[in-house]
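Subject: The two-chain model, with notes

Hi there,

Here is the model I promised to pass on. Please have a look at it first, and then read my notes below.

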Amino acid sequence: MENTFDLFPENNILSQIFTMDTLLKVTRIVIVLLIGLIAIGIIISIIKKISKKSLDTRTSNLVIRCTQYLGIALVIIMSLQAGGVNLTALLGAAGIVGIAVGFAAQTSVSNFISGFFLMSEKIFTTGDWIEVEGISGIVYSIDTLSVKLKTFDNRLIRIPNETLIKTNVINYTRFPVRRLNINIVVPHNSDIDFIENTLQSIAKENAYALRNPEPFFTVSKIADNGIELFFGVWFSQDDFGNGNKSIHKELNKRFVDEKIQFAHQAIAIYNQN
Amino acid sequence: MWGQIELPQNGKVKNISIENFSLYFGVQEIEDQIELSVASGFSSPNSIVKVKSKKQKIELSIPEGSWQRCYINKSDNINITPSYPDKAMFVELNNSFNLLADSEISGWISTNCEVSVNINKNELMQFSIQKPFRTLFGSSDNGTICRYYKSDFTTSKLDKNNFTEFSIVHPITIRNQTGHILNVSELCIYGDELSIIQDTYLYSETIVFTINNQGTKMNINGDCGIDGCNQKKGTLLVKSKISPEERFINKSFELFKTITKF
């Protein structure tokens, strides 16, 4: 192929690479890349605005990520086409590479797909207090492959989406109110009615305890070491911590004042003689 | 009781007692500004105000953490006004009653006001004059946390003996459009939508509850026909946070949403 002007001396290796044709191809690739990336940027900013209003953070992040990946893949294909690369052979090779990568990235794909299931179930959102496999914390971020929890002692824990699909997840803050469950064991000779009245008055005087739903009291069972009582007091999510502390403090104080005893594990040993 | 207050002298504390509730105002002058400290307590502490001459520090038997401080100009006006709590008010009726189908009843209930300390009409802080209790209105999965009050629902004349100067009378009209007998045992009021007017009593606008099979609607009606709550004679102490125009726009938007759903 003859060039109208030569950039490098004839028969030089550089003259074979840097031809006018190559320059045109590179320019075309750069233009396609530029236009493509700008178009992706515009589309993503539009999606961000729309999804902020109509979707939750998790779904919106996932939609944005998918659009980003799809867009970038399209731009790469288009720029290769602009560069005159034969895509048939490349796609064939990509298929084989895809299978190999697919096997290698099984876990990541599984986590990615699990993310979709989690998204459709909507069991938690950023800022919720959840517990997974004994790990408890506030949902810090929800990403494509994992969920990050910030524990109460300020550690960041990454939980793969697959784990969240497979195991039980407890969301403590989903509903506006939560019940504090108190289990008490008192000696067999205790006056249950008096204890019930005492517990009810503790809940009634507590500023954090909700009047409705009413506190719940029941006798769970008569066990070997005493009578097991259950007392449930409702708090708003915001007041749960303070309510828990104040109820337990007041309960202990009132039990001491009213001379109500807690039962302890005891073994009676009888001497036949 | 309500209105502008005079601040104490530099380094001293002023006590304003409201039933068993006390408000304390402490002042420290710093050049052109004043460090205003406000604290509250339910039982009046046997406190003696001490002023350390070197550090100019106010000492009271109130824990240090209870004081809320702010810096104001010497020319700023400080006033106390009644106010509604920031949460919705859930009123459990001492005397629940049945309302016949397609009928309405008018009466009144009362709640206790909060005390707001304002600087140049801007609310600085709010205090409860009684120990505040909370409750849930609605279901445990999507209900609202409200302040809890107990009140009689009375249709007779207002009796001064039933009120303190901190009670707010709420004239109520309940319309039963459900087509069957309705038991009325609790009411939920949104204070943001109500004003506080002072005549013989503190009172709000009339609240109209319309109950039908779709749910309960709360509307505000300015016309209050109760003796002692005369809107013409009364003084407006607190304006509702949501203006009638805003309320109208909200209602129109709700209506629009309902129409477009169909």
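First, some ground rules. This is a predicted model, in which local features need pLDDT of at least 70 and side-chain atom pairs count only at pLDDT 80 or more, while totals for chains, interfaces and linings use all residues. Residues are numbered from 1 along each chain as its sequence is written, chains are lettered from A and ligands numbered from 1 in the order in which they are written, and side-chain values use heavy atoms, with hydrogens and water left out.

**Chain B**

The secondary structure of chain B consists of 1 helix and 21 strands (DSSP runs, H or I of at least four residues for helices and E of at least two for strands, numbered from the N terminus). Chain B has 262 residues, and 46% of them are buried; buried means under 20% relative accessible area, exposed means over 50%, and partly exposed is in between, with a 1.4 Å probe and protein chains only. Its accessible surface is about 14,700 Å², with 46% belonging to carbon and sulfur atoms (Shrake-Rupley method, 1.4 Å probe; for residues, only the protein chains shown count as cover). Of the contacts in chain B between residues at least 6 apart in sequence, 71% join residues at least 24 apart, where contact means heavy atoms within 4.5 Å.

The largest nonpolar core holds 48 residues, and Leu23(B), Phe25(B), Leu36(B), Ile174(B) and Ile189(B) touch the most other members. By a nonpolar core I mean a set of buried Ala, Val, Leu, Ile, Met, Phe, Trp, Tyr and Cys residues joined through side-chain atoms within 4.5 Å. Strand E9 (residues 88-99) of chain B gives this core its largest share, 5 residues. A second, separate core has 21 residues, including Leu180(A), Ala209(A), Phe217(A) and Val233(A). Back in chain B, and leaving aside neighbours within four places in sequence, Leu23(B) has contacts that include Ile16(B), Val38(B), Ile80(B), Val115(B), Val117(B) and Phe127(B).

**Salt bridges**

Over all chains, the structure holds 12 salt bridges (a side-chain nitrogen of Lys or Arg within 4 Å of a carboxyl oxygen of Asp or Glu).

- Glu29(B) and Lys74(B) meet at 3.6 Å, N to O. Glu29(B) lies in strand E3 (residues 21-30) and Lys74(B) in the loop between strand E7 (68-73) and strand E8 (78-83), so the pair ties together parts that are 45 residues apart in sequence. Glu29(B) is partly exposed at 41% relative accessible area, and Lys74(B) is partly exposed at 45%.
- Glu104(B) and Arg175(B) have their closest N and O atoms 2.8 Å apart. This pair ties strand E10 (residues 103-112) to strand E15 (residues 167-176), parts that are 71 residues apart in sequence. Glu104(B) is partly exposed, at 47%, as is Arg175(B), at 31%.
- Glu114(B) and Arg147(B) meet at 2.8 Å, N to O. Glu114(B) is in strand E11 (residues 114-119) and Arg147(B) in strand E14 (residues 144-151), so parts 33 residues apart in sequence are tied together. Here Glu114(B) is buried, with a relative accessible area of 3%, and Arg147(B) is buried too, at 11%.

**Where the chains meet**

At the interface, 12 residues of chain B are in contact with 15 residues of chain A. The two chains bury about 1,200 Å² between them, 59% of it on carbon and sulfur atoms; buried area is the accessible area (1.4 Å probe) that two parts lose on being put together, summed over both. Phe133(B), Arg134(B) and Leu136(B) supply 45% of the area that chain B buries against chain A, more than any other three residues. The rule finds 1 salt bridge across this interface. Arg134(B) bridges to Asp239(A), with the closest N and O atoms 2.3 Å apart.

**Chain A**

A nonpolar surface patch includes Val26(A), Leu34(A), Ile38(A), Ile42(A) and Ile50(A) among its members, and the whole patch has about 840 Å² of accessible area. Patches are made of residues with over 30% relative accessible area and no salt bridge, with like charges joined within 9 Å and nonpolar side chains (Val, Leu, Ile, Met, Phe, Trp, Tyr) within 5 Å. Ile38(A) sits in helix H2 (residues 20-54) and is exposed at 52% relative accessible area. Ile42(A) is in helix H2 as well and is partly exposed at 47%. The C-alpha atoms of Ile42(A) and Ile267(A) are separated by 76 Å. Elsewhere in chain A, Glu205(A), Arg254(A) and Glu258(A) are linked in a network of salt bridges.

Best wishes
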